[in-house]
Amino acid sequence: LLVSKDSGKHLLEVEDLLQKHGLLEADISAQTERVQALNAAALKFSELEGYQPCDPQIICNRVNHVQTCLEELGELAGKRRKELEDSRQLWAFFQEMEEAEAWIREKEQILAAKTCGRDLSSVLTLTNKHKSMLGELGSRRALLHQAMKRGEQILAKKRFGPGGIQEKMREVRLRWKKLEEVTGLHQQRLQEALNFFQFSAETDDLVAWLQDTYRIVSSDDFGHDDYSTQALLRKHRAVVEEVEKHRAAVLALRKQLALLAPEHRQGVDVQIRVVEVEQLYGEVAEVAVLRQQWLQDALAVYRMFSEVHACEVWVDEKEQWLERMEVPEELDEVEVVQHRFESLEQEMNSVMGRILDVNQVVQQLVEGGHPSSEEVRSCQDHLNSRWNRVVELVERKKGQLSSVLKIQNYLLEC
């Protein structure tokens, strides 16, 4: 049993042989105690004095022979256990290699069947699963490294056929290297798909924002008075700032597109999409500029109307005063009225400046093609005619005062 060359043909068989060998070692251990007891009893016969039933040397020789056989049996048992354990180590190595190959085949099949997703959500899900697989790959790599070290140790003993071990190690290493290459390639494809769908999602968000902004900047609400128009203008300026902030994002689309994988960036749809975004942004920016000008024009109109109203109130007041005023005949009263006219002339100079500003604003609005040009021009003409009326009244009253003063001065001289 101990000199058998049967070391097993697979791990399970070696385990069975080791179990049987353990029973045999236990039997040897039990017989060793029995043999040692028998030898001790036999040696007593070689120490007898007087009558000796057998030659003491024969007894000693026989005891030594039995002890030597027992020791040889122990050595054979140890050698057999070493061979079986080496065999178990070898077949355990081959089983680990088979398990590694089976795991590699399984992952190869999974990677071969995997797609890169159809949208951003599915790509993110696949990316998370791939990260988990990379974690498994790292754990399996460590186990495989330990198994390869055990294979090297088996080769170093040179007890078993090294050709099969080396060939198996070389085959598994090649398959593992191929698996890592396929895994890296799939990870790259997932990243490329992720970049593409993120680019598409960002582009869609940008388009949605531009469409909403276009509806805002193309509004025909320009307010109904000075206050409401100012409020709209403040809001519009905030929108214009946002439009300007998005300019960089629109300009970056071309660079982002160039960074995508060829299969994604060369698609006609994505290139058309980028052109559409650029055109839409140009329209939004252009309409935003126009709306800001229109709001400023509307504000100018409302402020002009407000200024015209203020001037006309002043004109009404002075016109009524001039029409009701009677030129006095007494010198003292004439001097009082003359002082009033001097104050009036100062007021008229101030109002004249305001009216000139109104005329300038009207001229700018008319030349700019403002839609309310006719109304603005009519308002201007009305104000100017009222002003001219006041000027005429003032000149007439001043003429009357001048005549009265001449008469009074002549009478005084007389």
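The lining of the largest pocket divides into 6 nonpolar, 6 polar and 5 charged residues. Here Ala, Val, Leu, Ile, Met, Phe, Trp, Tyr, Cys and Pro count as nonpolar, Asp, Glu, Lys and Arg as charged, and the others, Gly among them, as polar. The model is predicted: local features need pLDDT of at least 70 and side-chain atom pairs count only at pLDDT 80 or more, while totals for chains, interfaces and linings use all residues. Residues are numbered from 1 along each chain as its sequence is written, and side-chain values use heavy atoms, with hydrogens and water left out.

**Largest pocket**

- The volume of the largest pocket is about 250 Å³; a volume is the space filled by probe spheres set on grid points, which are joined across faces, edges and corners.
- A pocket is an open set of points on a 1 Å grid over the protein atoms alone, where a 1.4 Å probe fits, with protein on both sides within 12 Å along at least five of seven lines; lining residues have an atom within 4 Å of a point.
- Among the 17 lining residues, Gln296, Ala300, Val361, Gln364 and Leu365 are the closest to the centre of the largest pocket.
- Helix 8 (268–324) and helix 9 (331–367) are the elements that give two or more residues to this lining, and helix 8 gives the most, with 8 residues.
- Helices are DSSP runs (H or I, at least four residues), numbered from the N terminus.

**Second largest pocket**

- The second largest pocket has a volume of about 200 Å³, and its lining includes Phe222, Trp294, Tyr302 and His370.
- By class, this lining holds 7 nonpolar, 4 polar and 1 charged residues.
- Helix 8 supplies the largest share of the lining, 5 residues.
- The second largest pocket lies between domain 2 (193–296) and domain 3 (299–413), because both give residues to its lining; the domain bounds come from an automatic or database domain assignment.

**Nonpolar cores**

- A nonpolar core is a set of buried Ala, Val, Leu, Ile, Met, Phe, Trp, Tyr and Cys residues joined through side-chain atoms within 4.5 Å.
- Buried means under 20% relative accessible area, exposed over 50%, and partly exposed in between (1.4 Å probe, protein chains only).
- In the largest core, of 28 residues, Phe199, Leu210 and Val277 touch the most other members, and helix 4 gives the largest share, 10 residues.
- A second, separate core of 24 residues includes Ile355, Val358, Val362 and Val376.

**An exposed residue**

- Asp269 is found in helix 8 and counts as exposed because its relative accessibility is 66%.
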